[in-house]
Amino acid sequence: MVSKTEETQLSNLETQVDNGGGGAWEYLSLVRKLKVRRSDRVLKHGLSILNDPKKRSSLGPDEWTLYEQVAVAAMDCQSLDVAKDCIKVLQKKFPESKRVGRLEGMLLEAKGAWAEAEKAYSSLLEDNPLDQVIHKRRVAMAKAQGNVSVAIEWLNKYLEIFMADHDAWRELAEIYVSLQMYKQAAFCYEELILSQSMVPLFHLAYADVLYTLGGLENLQNAKKYYASTIDLTGGKNTRALFGICLCSSAIGQIAKGRNKDDKESPELQSLAATALEREYKHKASDKLSLLTAALKGLKVPS
Amino acid sequence: MAEDLVLDTAIRDWVLIPLSVVMVLIGILRHFVSKLMRSSQVPDAKIIKEGQLIVRARNLRSGANFIPPRSFRARRFYFSNEENGLLHVPKGQAPNPQAQMFSDPNMAMDMMKKNLSMIIPQTLTFAWVNFFFSGFVAAKIPFPLTQRFRSMLQNGIDLSTVDVSYVSSRSWYFLNLFGLRGLFSLILGEDNATDDTQRMMQMSGFGFDPTKSLGAEKDSLDIVQHDWALPKFEQRAEAVLRKVLS
């Protein structure tokens, strides 16, 4: 997760570099550090540095890191010739290197030669069975080929060893949601909440999954997690506000007749509805009538 | 009785400063030599798995109040289950560390290399200091000391009437040994090879981390009481929304 200050710093550098000011190298280093995906810009500015022999030599040993970064960006933008040239340069400098081998595998993957890429990755894994990036690339390949069940199997095996990798848990959760395996997705989101409990995104996703699963207890839990999202985002998250309204009405429908303990938060639904109306008034006032109609339909039958 | 001895400035020029300079240079040399000699460590699958397991168990402990009680209990059972829980180390496997240390040739070599690179320069420098710089007063410590320190600090000086604050160059060597650590972390960046004191502490307690910390994690996990924080969040959300709307 990129913090706010880093995000502003990144966008500042971006505008500076795009408009012809200097600072391309700082921008590329920041992108590398934060692991964000800005492949077109990286490609453009990276190539401008690499093609200029004076700037290239001023980089010193960082030159090779830049080659690697530009190669990956080129593959992302489908400029395979650029990528091939970069990899060739790296190969000349570092023959027999695992990192370069990985780049070659990625190039095969980018070309669409799945079987050969698979072979390359398996041979790399034999020498180095604990390389996290290669494992993840295999999963990504399976997913790209549409072979989601194989991707799940591999991702699970990966997580058996590297169980503290929260990016992998997130990917697994999203795959499960796409396959409508909500119980397993809920498990993955719980893992994410455990490791990063103050990130509202995961609370929101977990609440969504719980709401989709349905059932009184899940709905009540979903409502609680929507509430925690609201708390963590200071009431600005529209989806959470909607979630509260929907959950409350759904709970009301199921628990009709039984006086469930609504003493916890009797006003939450009305507050959420009012907050929603205010947001719509600010941002999309033409849709306000739609909103009011929808909310009226959701009113809890008391 | 304690008259102020006036120390020749030549001592400062020819003893204190050269000694410090030599120690700094030797430290830098050691750092680069150890970098060259360091063999690439092949990460062991079991160790990595255990490390990650510990992180996950710790996450479970810290975030326990954010997930529903049933999920928490399921996970705790998964971890500390008697038969096949992940954190449960069967008694037989526990006395592993010593045997493993010596049976793994790579690790023994690594340890020996690290020890050697630390001990040899220290010994040589100490001998050099003793040989060349003994028999005279090198410096004065700015605060008074008791007589007990005499044997330690005034080793080459055979006069018993000299104030204990006047020390020999051996104590200057020791002072540099421990004091230059800060300087090295400035020059060479963190995690340099000259961090002797840390390594000395580590040498004494080289238990194999995983098995012991697994047991520790299991115990702390058993202690945790699950206090579900989420219900409170509903009220907090109410408060937040009220504030936003007011």
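Tutor: Start with a definition: helices are DSSP runs of at least four residues, numbered from the N terminus. On that numbering, Gly214(A) is found in the loop between α13 (200-213) and α14 (216-233) of chain A. Keep in mind that this is a predicted model.

Student: Why is Gly214(A) called partly exposed?

Tutor: Buried means under 20% relative accessible area, and exposed means over 50%. Gly214(A) has 22%, so it counts as partly exposed. Its C-alpha atom is 9.1 Å from that of Ala250(A), 36 residues apart along the chain.

Student: What makes Arg138(A) count as buried?

Tutor: The cut-off for buried is under 20%. Arg138(A) has 14% relative accessibility, so it counts as buried. This arginine lies in helix α9 (residues 132-144) of chain A. Beyond four places in sequence, it is in contact with Glu118(A), Tyr121(A), Leu125(A) and Trp154(A).

Student: Why is Lys35(A) called exposed?

Tutor: Exposed needs over 50%. Lys35(A) has 73% relative accessibility, so it counts as exposed. Its place is in the loop between α2 (24-34) and α3 (39-50) of chain A.

Student: What is the phi of Lys35(A)?

Tutor: It is near 60 degrees, a positive value in a residue other than glycine. Gln78(A) also has a positive phi, of about 65 degrees, and is not a glycine. Gln78(A) lies in the loop between α5 (62-76) and α6 (80-93) of chain A.

Student: How do you know how chain A compares with a compact globule?

Tutor: A compact globule of 302 residues would have a value near 19 Å, but chain A has 25 Å. The C-alpha trace of chain A spans about 75 × 45 × 30 Å along its principal axes. Chain A has 17 helices and zero strands. Of its 302 residues, 43% count as buried.

Student: Which residues touch the most other members of the largest nonpolar core?

Tutor: They are Leu172(A), Tyr225(A), Tyr226(A), Ile230(A) and Leu241(B), in a core of 69 residues. Take Ile230(A). Setting aside residues up to four places away in sequence, its contacts include Ile244(A), Ala237(B), Val240(B) and Leu241(B). Apart from this core lies another, of 36 residues, with Leu28(A) and Ile134(A) among them.

Student: What does UniProt place at residues 14-33 and 119-143 of chain B?

Tutor: The unreviewed UniProt entry places the feature "transmembrane region" at both spans. In the model, residues 14-33 of chain B are 100% helix and 0% strand, with end C-alpha atoms 28 Å apart. Residues 119-143 of chain B are 56% helix and 8% strand, with ends 31 Å apart.

Student: How do you know where confidence in chain B is lowest and highest?

Tutor: In chain B, helix α8 (residues 196-204) is lowest, at a mean of 50, and helix α3 (residues 69-80) is highest, at 82. The mean for chain B is 73, and 75% of its residues reach 70 or more. Over residues 203-208 of chain B, pLDDT stays under 50. Where pLDDT is low, the predicted coordinates should not be read in detail.

Student: What ipTM and pTM does the predictor give the complex?

Tutor: The ipTM is 0.75 and the pTM is 0.73.

Conventions: Residues numbered from 1 in each chain as written. Chains lettered and ligands numbered in written order. Predicted model: local features only at pLDDT ≥ 70, side-chain atom pairs only at ≥ 80, totals over all residues. Heavy atoms only, no water. UniProt positions renumbered as here; feature names shortened; annotations may be inferred. Helix = DSSP H or I, 4+ residues; strand = E, 2+ residues; numbered from the N terminus. Core = buried A, V, L, I, M, F, W, Y, C linked by side-chain atoms within 4.5 Å. Buried < 20%, exposed > 50% of the residue type's maximum accessible area, 1.4 Å probe, protein only. Contact = heavy atoms within 4.5 Å. Rg over C-alpha atoms; globule rule 2.2 N^0.38 Å. pLDDT = per-residue confidence, 0-100.
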